[in-house]
Amino acid sequence: LQKPTLPVSFGIKDIDILEYLFKQREFTLITQLAKKMQTKVAAGSSIFNVWMKDESDHVQALARAYGERVIIDQFVNTIKNADVDLKPVLNTLLALYGWSKIEENLSWYMLEGFISREEGKKVIEYSRILCKEVAPDILDIVNAFGLPDHAIQAPVAADWQKYNNYDNKGEIDKDNKPWK
């Protein structure tokens with residue numbers, strides 16, 4: 001695992017910066033974990049106790065960072081090989097996924113010094129812009145997955161317009177019966 005290189009441009013709409021931030025999070029977490037484990041094992045703790053008890057939160061954060069980075073990598077590779085007509089929507093979905101995950105971990109990125117306060121504000125704003133951009137096409141995007149009706153269990157997933165026509169209190173219809 002090599003230390004990621006900061007891209008030349010640092011534009012929020014640049015996919016290279018997303019890739020960098022995900023790789024940097026994984027690299028930093030694995031480096032920190034390795035140092036903590038070396039220190040604690042050298043001080044006499046067992047590897048098992050350090051891994052399973054002392055640093056389990058760090059291990060879990062690293063596992064999530066790894067999974068998220070793999071998703072970004074696979075998404076980028078998929079876009080490279082996609083039909084030209086699909087690339088714009090796939091790029092938007094990639095950006096939405098990526099920036100929403102960056103936003104989810106924004107405090108970590110800011111505390112580690114990878115994102116400034118001003119850049120953090122832009123991350124939040126851009127995530128909202130991307131949500132609005134995807135909204136008109138979201139039903140077509142979801143339908144493109146070809147999920148069978150029985151696989152969609154949440155009432156709002158079946159007919160979100162009908163679901164929002166009245167105060168359904170989350171899971172009941174207008175007659176106070178479970179929604180079907």
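The model is a predicted one. Phe114 forms one aromatic cluster together with Trp108 and Tyr109.

## Ring geometry

The structure contains 3 aromatic pairs. In one of them, the ring centres of Trp108 and Tyr109 lie 5.0 Å apart with the planes at 90°, so this pair is edge-to-face. Trp108 also pairs with Phe114: the centres are 5.7 Å apart and the planes stand at 25°, which makes the pair stacked, because planes under 30 degrees apart count as such.

Trp108 has a further neighbour in Arg25. This arginine lies over the face of the Trp108 ring, at 4.8 Å from the ring centre.

## Helix H1

Helix H1 covers residues 15-42, which is 28 residues. From the first C-alpha of H1 to the last, the distance is 41 Å, close to the 40 Å expected at 1.5 Å a residue.

Both ends of H1 have a local feature to report. At the start of H1, the backbone nitrogen of Asp16 has a side-chain oxygen of Asp14 within 3.1 Å. Just after H1, Gly44 adopts a positive phi of about 110°.

How values were computed. Residues are numbered from 1 along each chain as its sequence is written. This is a predicted model: local features need pLDDT of at least 70, side-chain atom pairs count only at pLDDT 80 or more; totals for chains, interfaces and linings use all residues. Side-chain values use heavy atoms; hydrogens and water are left out. Helices (H or I, at least four residues) and strands (E, at least two) are DSSP runs, numbered from the N terminus. The expected span of a helix is 1.5 Å times one less than its number of residues. A polar contact is a pair of N or O atoms within 3.5 Å; within protein, one must be able to donate a hydrogen and the other to accept it, and residues adjacent in sequence count only if both atoms are side-chain atoms. Rings of Phe, Tyr and Trp (its six-membered ring) pair if their centres lie within 6.5 Å; planes under 30 degrees apart count as stacked, over 60 as edge-to-face and the rest as tilted. A charge sits over a ring if NZ of Lys or CZ of Arg is within 6 Å of the ring centre and within 35 degrees of the ring normal.
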